[in-house]
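Hi everyone, thanks for coming. Have the structure open on your screen while I talk, and stop me if you get lost.

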Amino acid sequence: MYDVIIIGAGVSGCAAARYLSAYDAKVLVLERAEDVCCGTSKANSAIVHAGFDAVPGSLMAKYNVEGSLMMEALSRELDIPYKRCGSLVVRTESDPREGLEELLERGRKNGVEGLEIIGRERLREMEPNISDDAAEALWAPTGAIICPFELTIALAENAAVNGAEFRFDTEVTGLEPFKTADGDGWLVKTDKGDFEALTVINAAGVYADKFHNMVSEKKLHITPRRGDYYLLDREVGDFVSHTIFQLPDDMGKGVLVSQTVHGNIIVGPTAFNIEDKEGVNTTAEGLAAINQKAGKCVKNIPLNQTITSFAGLRAQEDGKDFVIGEPDDAPGFYDCAGIASPGLSSAPAIGKALAEMIAGKLDLKKNPDFWPIRHGILKPSDLDLEQRTELIKKDSSYGQIICRCESITEGEIIDAITRPLGAKSLDGVKRRTRAGMGRCQAGFCSPKVMEILARELKVPMSEITKSGGGSKLILENLKDGLSEESEGLKAIAKWAADREKAEAAGKEAENA
Amino acid sequence: METTFLTCIMCPIGCNLKVEHEGKNVISVTGNTCPRGKVYGTNEIGNPMRVVTSSVLVEGSKNGSVLVSCKTAGDIPKAKIKDAALALKGVKVKAPVHIGDVLVRNVADTGVDIIATRNVE
Amino acid sequence: MLNYDLVIIGGGPAGMAAAVSAKDSGIDSILILERDDKLGGILNQCIHNGFGLHHFKEELTGPEYAQRYIDMVKERGIEYRLDCMVLEISPERLITATNKKDGIFQVQAGAIVLAMGCRERTRGSLNIPGYRPAGIYTAGTAQKLVNIDGLMPGKRIVVLGSGDVGLIMARRMTLEGAEVLAVAEIMPKSGGLQRNIVQCLNDFGIPLLLSTTVVDIQGKERVEGVTLAKVDEKLKPIPGTETHYDCDCLLLSTGLIPENELTRNMGAEIDRKTRGPVVTKEFETTIPGVFAAGNVVSVHGLVDDVSKEALIAGKAAAEYIKARA
């Protein structure tokens, strides 16, 4: 019997698990993918919003502002990159004049500090590549950037070392109310067997409506809203130094241009409401839309320096707000649904709030052994020459560079695989270490990373996947599938046979 | 008389060859810049020939190599490429292997050996 | 800190030829830094033939060509370090590098020859829409998996781009039992050698589709198919010309780019067109004493030309060192 079962190991689920692990509670996180951070959490703008955008009084406003205030201290506890670069919402000459005032007012109501509207000149000083058409901007000094992978992974690792259990490749298939000796609970059915819990947190991203609707009559409906993005080479990483938003309109927040904590430039997202909850494919239409829209506030974006493009889904609930907490008709079931933007910014606050709600409900004691500090993967590139030499003396794997674009060593990759909730796939290694995230996009390092994964996990190299499940990288060993029946070789056999036939026919003709 | 235009594959220059022939009987090859082109043009009409390169499994390598690359020691008939490729399935040689070592004798009955193109210690 | 008259970055065909040439021009203190576990560079995985006809007057495979130079390097007692990645080079020619055996170390070089070769263009830079499943490889990565690691990354394959590596891999995978459904080339003409179209595609009945590109990739976990479409003169896909191919693998062979991160960080001027450093006739970059040779300067069709160029660069580096002795 678990105290809490959390459905989904995205950033919200992992945040809830982490804050719950501060209590004396038995926590289980169920994730259908092979790793944490495989859904919405892995493909977004990587922004910590200041909090001026959400409607005052909404849960989005509340948790965004709280989350944004928590994030810096949390990033230090969890040893993850965080940069308060500040954000700018740019009004161009063609935008309505009152647009920024409205945002400023909202921001003040939401309690966002330091907001001010700045004029053309100061804007140009801050961002030389701002468009000639830019009139003024809302400056939010508390806007920040973060790495969504590292945040989610760090929350999960910290939860795990503090006692939370994680089961991957486990898909929840049903939820049933359940009477227990300790009171009412939930039977959580999965493709890997059933689990019992006193409470359930529904942090299933774009699928959160499905689970909510299994237990409550007040139905939710989540629309996956696809956003396409470009990621640009670090070579142009100083193209902008703040997060630059367009003035929001009916179509949403528009396309932003921002630095990332790793020094790339991110451009996106688009906003397409779709049906398919797995529809994370970029489309020609989507990529063209970024091209068309991105230049509104920033000029000459070097899109020719694109190293990759990707798409993510935002879980947009019909009520246009987060849905957090117990529905009236399903006690013990806690929604964490509709976590669209600013979901990443809000995650720590949402996680903490859910933990407190459940602690209150179950009367949980504090976990006396809770240790909030997590150490990230040691990065030799952060060390000076002397420290690095010492490190390599102790462990020579830190002397071997595996990913040349991002200068990632074998030691870091081994750490990523062997630490709590370690990487099991190429993408798992990539999200933890950045190996394969650079300009060659894993062309060089993927065979080497596969080799290290195979060695550390003690499986044949041919079993290593890109991202678990059916994403096999290798189909078979050389020669195994080679046979008389191999289609590719039939063409040449047919050519030889035709030729022989023609020759025979020629000879016959001669004889005749 | 027939005329066939070919791209010589003997080297990366890829000369444009003009071959005049009657059936398989080659009368002239022009457009080549070296004698190899003439041989290629003649063969391509009569009996096209190819060098096949591939790899076979190796065991006992000191540095963990699993394959040794190899080639046919000379041209084989194009019609025999499939047989030659299939003949390399199941071949496993023991290290050390050196460039030029014969790995498979008389591959697919062509009279040509498969030889190693890499040293594996 | 170590001191060498000449340090060569990269132990492929360019680096080895530069080393041999500098040694033969009277320089004894030479160090080659190679990131792989053996000398030879990309030639080690190019097991096909067609190398050396000009340089050695005989037709060799990649590993055989490499071995010729490895032997020359060893005969001359030229020092080299393997599994060794150069992290940084200062304009004053102070090199910082790392490997398992030696740890992180610095070398002051009297002169440098840059010979890092080139890398492949990726899907990202091509902007192909669709899912991001397993089964999309650059042709060079597939070549390494097949020819070095003995692993088949696909069985039913579509190749995008008709660069030579892609053509060579189309034949290679066919000989190992895979089926190559088509090679699509966005340009109206193939970028590969005609000889490779003849012996790698035509021999095996593999269609070369010109003015055609990939407009969609299907498959959420592993590639399940791709959609090809014809393009117009502006290289834009023409609606209505889409054809679907069921396949499990997409290979990309859409061009090579000189590998110049180190060069750029040193402050050497880069030619916008070749994407390699601007060099003199002697292959000296805009930083005195820093030379460059081979694919790092511009992508070459023939390794024979790389060797020839590197011999000149090695000799010029030797002259530079001698003039300052």
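**A strand, an interface and a sheet**

Let's start in chain A: in β18(A), R226(A) has L313(A) as its bridge partner. Before I go on, some housekeeping. This is a predicted model, where local features need pLDDT of at least 70 and side-chain atom pairs count only at pLDDT 80 or more, while totals for chains, interfaces and linings use all residues. Residues are numbered from 1 along each chain as its sequence is written, and chains are lettered from A and ligands numbered from 1 in the order in which they are written.

When I say helix or strand, I mean DSSP runs (H or I, at least four residues, for helices; E, at least two, for strands), numbered from the N terminus. Two strands pair if DSSP finds at least two bridges between them.

So, which strands pair with β13(A)? One is β18(A), residues 306-317, antiparallel over eleven bridges. Another is β17(A), residues 272-273, again antiparallel, with two bridges, and here R226(A) sits opposite F272(A). Then there's β16(A), residues 265-268, antiparallel through three bridges, where L232(A) faces I265(A).

Is β13(A) mostly buried or exposed? Buried means 20 or more other C-beta atoms within 10 Å of a residue's own, exposed means 12 or fewer, and partly exposed is in between, with C-beta atoms placed from the backbone. Ten of the eleven residues of β13(A), 222-232, are buried, so the strand is largely enclosed by the rest of the structure.

Now over to the neighbour. 48 residues of chain C are in contact with 54 residues of chain A; contact means C-beta atoms, placed from the backbone, within 7 Å. On the chain C side, α4(C) gives the largest share, five residues.

Last stop, inside chain C. Here you'll find an open sheet of five strands in the order β10-β18-β12-β13-β14, with parallel pairing. β10 (136-138) and β14 (208-209) of chain C are at the edges with a single partner strand each, so one side of each has no neighbour in the sheet. At the β10(C) end, three parallel bridges link β10(C) to β18(C), residues 249-252, and Y137(C) stands opposite L251(C).

That's my tour, so over to you for questions!

Key: Contact = placed C-beta atoms within 7 Å.
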